[in-house]
Amino acid sequence: MKQNVFLLIVFWLLLGVSSTSAQVLQDYSSSWEKGKDETWIRPNDRLVVQLDLSTFPLANISFSFPEKSVVFIGEKLWIYADGDTTFSKPIVELANEFDQNDLELTVFKKGIEIGDAKIKKSCSLQRMPRAWTW
């Protein structure tokens, strides 16, 4: 019995140590704009957001796109999401890939609505200075 309790405590401690948590630094949910009726694309077929990569350069940026969506950064086709797609990328890598700190990200999908795509900047609490954690 004591051995089972001991193993349970060890498992619980290991689970707590291996779990990761992150602090959301910026949520772009309220920054999305529906596309304007200026091209052959209907207004409800695209969402546009401006990404500022100069703030929190050591953080990660996480993306979530619905299935069958096409994502452009500037005029470059960046991603085609065949299925629902979620991933994170270091902001430094994204800034280096496009060689700029201000990017316009556009998501095309028939019938897309604000809230279908999500972008957040976050920082792992493990990467934060010790004085910042509690």
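**Aromatic rings up close**

Author: Searching the whole structure, which is a predicted model, turns up seven aromatic pairs. Let's start with Phe 65 and Phe 87: their rings sit 6.4 Å apart, centre to centre, with 50 degrees between the planes, so the pair counts as tilted. Those two come from distant parts of the chain, 22 residues apart. Phe 65 belongs to strand 4 (residues 60-65), while Phe 87 belongs to strand 7 (residues 85-90).

Phe 87 comes out at 25%, so it counts as partly exposed, because buried means under 20%.

Phe 87 has another partner too: with Trp 78 it makes a tilted pair, 5.8 Å centre to centre and 55 degrees between the planes. Trp 78 is buried, at 15% relative accessible area. Now put the pieces together: Phe 65, Trp 78 and Phe 87 belong to one aromatic cluster, along with Phe 63 and Phe 98.

You'll find Asp 45 in the loop between strand 2 (33-34) and strand 3 (46-52). Its relative accessibility is 13%, so Asp 45 counts as buried. A polar atom of the Asp 45 side chain lies 3.3 Å from the backbone nitrogen of Gly 111. Leaving aside residues up to four places away in sequence, Asp 45 touches Val 107, Phe 108, Lys 109, Lys 110, Gly 111 and Ile 112.

Methods:
Residues are numbered from 1 along each chain as its sequence is written. This is a predicted model: local features need pLDDT of at least 70, side-chain atom pairs count only at pLDDT 80 or more; totals for chains, interfaces and linings use all residues. Side-chain values use heavy atoms; hydrogens and water are left out. Rings of Phe, Tyr and Trp (its six-membered ring) pair if their centres lie within 6.5 Å; planes under 30 degrees apart count as stacked, over 60 as edge-to-face and the rest as tilted. Helices (H or I, at least four residues) and strands (E, at least two) are DSSP runs, numbered from the N terminus. Buried means under 20% relative accessible area, exposed over 50%, partly exposed in between (1.4 Å probe, protein chains only). A polar contact is a pair of N or O atoms within 3.5 Å; within protein, one must be able to donate a hydrogen and the other to accept it, and residues adjacent in sequence count only if both atoms are side-chain atoms. Contact means heavy atoms within 4.5 Å.
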